[in-house]
Amino acid sequence: MQTILYARVSTADQTIAHQRTQAEAAGFKVDEVIADEGVSGLTTSLRDRPQGRRLFDMLRRGDTLVVRWVDRLGRNYADVCDTIRELMRRGVIVRTVINGLTFDGATKDPMQQAVRDALIGFMAATAQAQAEATKEAQRAGIDHAKGREDAYRGRKPSFTRAQFDAVSGALGQGQGVSDIATVTGLSRQTIYRIRDNPVEAEAALARWA
């Protein structure tokens with residue numbers, strides 16, 4: 001019987017070494033560490049990860065699989081539930097460093113099984129909810145930053161580089177504003193803005209390039 005630590009690292013601020021240190025500090029004597037790096041737990045199931053497949057091949061009845069928390073197995077509710085139940089059917093004990101949870105198939109009492117399965121479902125749902133909340137926060141942060149950047153750049157020009165060049169050339173040739181507007185498809189107000197402040201018009205194009 002062996003104790004295997006499975007670590008999943010998906011971001012730069014996570015490390016395999018840290019997860020092992022946490023496990024050993026919690027009293028686990030780890031025989032081997034299996035790890036996947038740069039893998040999303042929300043979109044990639046354990047079986048579809050390179051080292052996850054290896055993990056399934058290695059584990060035998062009576063072995064203990066240690067994970068920092070259930071989110072290392074995955075962040076998809078159905079996938080996490082299926083994974084833990086499959087491991088229990090194989091006789092593998094799943095233990096977490098955080099909260100000190102133990103999942104195994106030893107109990108035959110239906111009430112204890114119901115409580116265990118409910119806890120598995122709760123932890124799996126929590127893992128997915130946290131992942132989705134993190135993604136939403138990241139998306140909101142990106143949108144906020146983009147909004148600030150757009151505000152810094154000012155109003156987006158209503159004309160393209162080609163239109164600006166066409167207007168500048170036509171004005172230089174002494175053509176009238178109405179004629180230029182007809183040819184370029186721009187409004188008279190836009191032509192006036194380019195004519196009256198060509199430097200700012202050029203700068204606006206550069207900011208939004």
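Biologist: Let me start with the ground rule: two strands pair if DSSP finds at least two bridges between them. With that in hand, which residue in E2 stands opposite Ala7?

Modeller: That would be Ala35. Strands here are DSSP runs (E, at least two residues), helices are runs too (H or I, at least four), and both are numbered from the N terminus. This is a predicted model, where local features need pLDDT of at least 70 and side-chain atom pairs count only at pLDDT 80 or more, while totals for chains, interfaces and linings use all residues. Residues are numbered from 1 along each chain as its sequence is written, and side-chain values use heavy atoms, leaving out hydrogens and water.

Biologist: Good to know. In which sense do E1 and E2 pair?

Modeller: Parallel, over six bridges.

Biologist: And what is the order of the strands in the open sheet?

Modeller: The order is E2-E1-E3-E4-E5, five strands with mixed pairing. E2 and E5 (residues 102-103) are the edge strands, each pairing on one side only.

Biologist: How many bridges join E1 to E3?

Modeller: Three, and those two strands run parallel. Thr3 stands opposite Thr64 in E3. On to E4 (residues 93-96): four bridges join E3 to E4, again in parallel, and Val66 has Arg95 as its bridge partner there.

Biologist: What do E3, H3 and E4 make?

Modeller: A right-handed β-α-β unit. Right-handed here means that, with the strands pointing away from the viewer, the path from the first strand over the helix to the second runs clockwise.

Biologist: Let's move to H2. Which of its residues are buried?

Modeller: In H2 (residues 50-58) they are Gly52, Leu55, Phe56 and Met58. They sit on the same side of H2 because they cover an arc of only 165° around the axis, the arc being that of the directions from the helix axis to the C-beta atoms.

Biologist: What covers the buried residues of H2?

Modeller: The cover includes E1 (3-9), E2 (32-37), E3 (64-67) and H3 (77-89). H2 lies across E1, E2 and E3, and runs at about 150° to E2. For that angle, axes are lines fitted to C-alpha atoms, for helices over the stretch in contact, and angles run from 0 to 180 degrees between N-to-C directions.

Biologist: How many residues has the largest nonpolar core?

Modeller: It has 26, and Tyr6, Leu55 and Ile84 are among those with the most contacts inside it. H3 gives the most to this core, with five residues. A nonpolar core is a set of buried Ala, Val, Leu, Ile, Met, Phe, Trp, Tyr and Cys residues joined through side-chain atoms within 4.5 Å.

Biologist: What is Ile84 in contact with, leaving aside its neighbours within four places in sequence?

Modeller: Val70, Leu73, Phe103 and Ile120. Contact means heavy atoms within 4.5 Å. There is also a second, separate core of twelve residues, which includes Val167, Val177, Ala201 and Leu205.

Biologist: Ala201, you say. Which residues of H8 are buried?

Modeller: Ala201, Ala204 and Leu205, in a helix that spans residues 198-207. Their arc around the axis is only 100°, which puts them on the same side of H8. They pack against H5 (161-172) and H7 (188-196). The face turned away from that buried side carries the exposed residues Val199 and Ala206.

Biologist: Now Ala124: buried or exposed?

Modeller: Buried, with a relative accessible area of 0%. Ala124 lies in H4 and, beyond its neighbours within four places in sequence, is in contact with Tyr77, Val80 and Cys81.

Biologist: Last one: how many helices and strands does the protein come to?

Modeller: Eight helices and five strands.

How values were computed. Buried < 20%, exposed > 50% of the residue type's maximum accessible area, 1.4 Å probe, protein only.
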